[in-house]
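Here is a short tour of the model you have open. Keep the structure beside you as you read, and follow each part in turn.

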Amino acid sequence: METTHVAEPEAASGRFTRHTEQRDLPEAPPLRRLIGPSVILIGVGIASGEYILYPYIASQAGLVFLWAAVVGILVQFFINMEIERYTLATGETAIGGFMRMWRPWGGVLAGGAILATMWPGWATAAATITTFAFGGGDPVLIAVVMLFVIGAVLTASPVVYQTVEKLQFIKVGAVLVFLVVALFAAITATGYKDTSEVVSSFGTFPSEIPIAILVGALAAAGAGGANNLVQSNWIRDKGFGMGRYAPRIVSPITGHEEAAPEGERLSFPEDEANLSRWKVWWKRANLEQFVSFALVGGIAIIVFSLVAYSTVYRNPDLPDSSGFDFIALEGNVLDDAVGPWFGTLFLAVGAVSLFAAALGIVDYVARLVADVIHVGYTRRRPGWTESKLYFGVVWTMVAVGSAILLAGFDQPLVLVTISTVLGGAIMVVYSCLLLITNRRYLPKAIVLRGYRLAILVFAIGMLGVTTAIVAVDQVGNLF
């Protein structure tokens, strides 16, 4: 395909200049062939919010906070589509666009992602649920083994994206089977009736739940944190839009490096043919994201919360501690109410779900950090490919996570809450940056505008206010 190079304006202080290579926007394949990136996103997301935080809140305070799940997941849908918009149009990740404005933005976001996920809350949670399912075991040892298994699985994958996609499809399929059974077998008539509280309690923050957990749940509805940001890396590896021309991350052992395009950023001519193809891409990308992410994620949060509400809310055996004992109690109640097989299924789905989430988290943080280092610092050094950087980060995360667990920081709910609250702060930063990149660097015909611009501004305000409330609350606890 014939290409042209378009010079970009000279960069201001703190930015770095890259030329733009112009190619035609590829034709969009059928929707069924685009399904995948949003399944990975919700596959990673069905963990802290869906299985842990919202059910925990439901077990302690009922359904009065479930409204936040609906608001949170819809807000994330629109944030995610702005992340996708940039990569669809440029073949470059969103964080690459941020670094056009100011190179250190990459380091800021990568550092925030590492800080939010270095606490191996999901692996610890998966290990803890595993001990419930098998009636015992050392959760720390199990979590460390899980981290090393994650590192080995990712390293052995010829094309990492394809392996992650397949594993998350399996996870989401297992969760959906459980949810269908739970709708008929585990949720009481009272539980269905009391869903009216979702509307009548809109805007309520239950006082019996720590504010950090509530804000963490709001940020974790669907995905949260830097997880959403890496949606652009996943759709690039899937071949969405101009990402079709970008190389994918491959194993240093079993894969083969793919050549990158000559340009460091792509664009397409603003002619009738390309804009027509853009409309098809945008429509199908929105459908893939809405069904795979927003719809599946919303159903998962609601059903898992209703299961918790139907089984352990106001249960005399419900512990006062903010640990995972409420999940063990859920399993016991489901054993008695439905049958021993269902309580075991509930715990098995939780363990598999949280393990797959831990794998996805290691993958997305490694992608983000490798992307930042490669785009900003090592692109001109042939030996430092993005794939090699990726696997260096993967094994660093495995080592650091294991060290944290072995040092005694092994409380799963605390670790998950720390991660999700920090994730909310990260979302505020990159949502602001998206607002700029998607109006400054994209063709005029497809820039961010209208109601989507208004929703992004609302998201920034909502996440900013709630994160500030937590910050003030936690500072107050120090005195």
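## Terms and ground rules

A crossing of two helices is called left-handed if the near helix is turned anticlockwise from the far one by less than a right angle, and right-handed if clockwise. Helices (H or I, at least four residues) and strands (E, at least two) are DSSP runs, numbered from the N terminus.

This is a predicted model, in which local features need pLDDT of at least 70 and side-chain atom pairs count only at pLDDT 80 or more, while totals for chains, interfaces and linings use all residues. Residues are numbered from 1 along each chain as its sequence is written, and side-chain values use heavy atoms, with hydrogens and water left out.

## The chain overall

The protein chain holds 19 helices and 3 strands. Of its 479 residues, 59% are buried; buried means under 20% relative accessible area, exposed over 50%, and partly exposed in between, with a 1.4 Å probe and protein chains only.

Take the contacts in the chain between residues at least 6 apart in sequence: 84% of them join residues at least 24 apart. Contact here means heavy atoms within 4.5 Å.

## The nonpolar core

A nonpolar core is a set of buried Ala, Val, Leu, Ile, Met, Phe, Trp, Tyr and Cys residues joined through side-chain atoms within 4.5 Å. The largest one in this model has 152 residues, and those with the most contacts inside it are Ile79, Phe98, Leu154, Phe304 and Tyr430. Helix α16, residues 340-378, gives the most to this core, with 19 residues.

Not counting residues up to four places away in sequence, Phe304 touches Ile46, Glu50, Tyr51, Pro55, Val175, Phe178, Leu179, Phe346 and Val349.

## Helix α8 against α16

Now turn to α8 and α16, which pack at an angle of about 150 degrees with their axes 10 Å apart. Axes are lines fitted to C-alpha atoms, for helices over the stretch in contact, and angles run from 0 to 180 degrees between N-to-C directions. The two helices are therefore roughly antiparallel to each other; angles under 35 degrees count as roughly parallel, over 145 as roughly antiparallel, 65 to 115 as roughly perpendicular and the rest as oblique. α8 passes α16 in a left-handed crossing.

On the α8 side, the residues in this contact include Val175 and Phe178, and on the α16 side they include Phe346 and Val349. These four residues are also among those that Phe304 touches. By class, the contact of α8 with α16 has 17 nonpolar, 3 polar and 3 charged residues, where Ala, Val, Leu, Ile, Met, Phe, Trp, Tyr, Cys and Pro count as nonpolar, Asp, Glu, Lys and Arg as charged, and the others, Gly among them, as polar.

## Helix α1 and its partners

Helix α1 (residues 37-45) packs with α8 (residues 160-185): their axes come within 9 Å and cross at roughly 60 degrees. That makes α1 oblique to α8, and the crossing is left-handed. Among the residues that meet are Ile40 and Val44 of α1 and Phe169 and Val172 of α8. This contact has 9 nonpolar, 2 polar and 2 charged residues.

With α13 (residues 231-238), α1 packs at an angle of about 145 degrees, the axes lying 9 Å apart. This time α1 makes a right-handed crossing. Pro37, Ser38, Ile40, Leu41 and Val44 of α1 come together with Gln231, Trp234, Ile235 and Lys238 of α13, giving 6 nonpolar, 2 polar and 1 charged residues.

## Individual residues to look at

Asn286 sits in helix α14, residues 272-312, and counts as buried at 10% relative accessibility. Leaving out residues up to four places away in sequence, Asn286 touches Phe77, Met81 and Arg452. Its C-alpha atom is 9.5 Å from that of Asn80, 206 residues apart along the chain.

Gly191 belongs to helix α9, residues 189-193, and is buried at 0% relative accessibility. Beyond its neighbours within four places in sequence, Gly191 contacts Leu63, Leu306, Tyr309 and Ser310. By contrast, Arg314 lies in the loop between α14 and α15 and counts as exposed, at 69% relative accessibility. The phi of Arg314 is near 60 degrees, a positive value in a residue other than glycine.
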